[in-house]
Amino acid sequence: MRALLIILLLAMLAAAGYFAYSAIAVEGEPIPTEGYVALALGAGFSVIVGVGLMVLLFFSSRRGYDEPPSFK
């Protein structure tokens with residue numbers, strides 16, 4: 001079972017590498033500067049949102065907001 005999982009993961013890694021290479025090797029017009037700026041802003045915004053959500057997750061966990069309600 002473990003060998004099958006390793007083979008499946010390696011196949012997925014090989015497929016991702018193939019698709020990444022095929023995307024890089026496409027001939028045509030290069031990406032303009034505005035495209036790189038938009039890509040950087042989008043990636044940066046995604047990282048900021050992800051970090052913010054993780055901070056909220058840890059904050060709520062430390063404050064006890066994730067505990068089940070206890071009725072007295």
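Is Ser-60 buried or exposed? I looked it up: Ser-60 counts as buried, because its relative accessibility is 15% (buried means under 20% relative accessible area, exposed over 50%, partly exposed in between, with a 1.4 Å probe and protein chains only).

Before going on, I noted that this is a predicted model, where local features need pLDDT of at least 70, side-chain atom pairs count only at pLDDT 80 or more, and totals for chains, interfaces and linings use all residues. Residues are numbered from 1 along each chain as its sequence is written, and side-chain values use heavy atoms, leaving out hydrogens and water.

**Entry: around Ser-60.** I found Ser-60 in helix 2 (helices, H or I of at least four residues, and strands, E of at least two, are DSSP runs numbered from the N terminus). Leaving aside residues up to four places away in sequence, Ser-60 touches Tyr-65 and Asp-66 (contact means heavy atoms within 4.5 Å).

**Entry: helix 2.** Next comes Gly-64, which has a positive phi near 90 degrees.

**Entry: the whole protein.** I counted two helices and zero strands. The radius of gyration is 22 Å, well over the 11 Å from the globule rule for 72 residues, so the protein is more spread out than a compact globule (the radius is taken over C-alpha atoms, and the rule is 2.2 Å times the number of residues to the power 0.38). Along its principal axes the C-alpha trace spans about 70 × 45 × 15 Å. Of the 72 residues, 1% count as buried.

**Entry: the loop.** I went to Glu-27, in the loop between helix 1 and helix 2. Glu-27 counts as exposed, because its relative accessibility is 80%. From Glu-27 to Val-51 I read 24 residues in sequence and 36 Å in space, C-alpha to C-alpha.

**Entry: helix 1.** Last, I visited Leu-5, which lies in helix 1, residues 2-24. Leu-5 counts as partly exposed because its relative accessibility is 47%.
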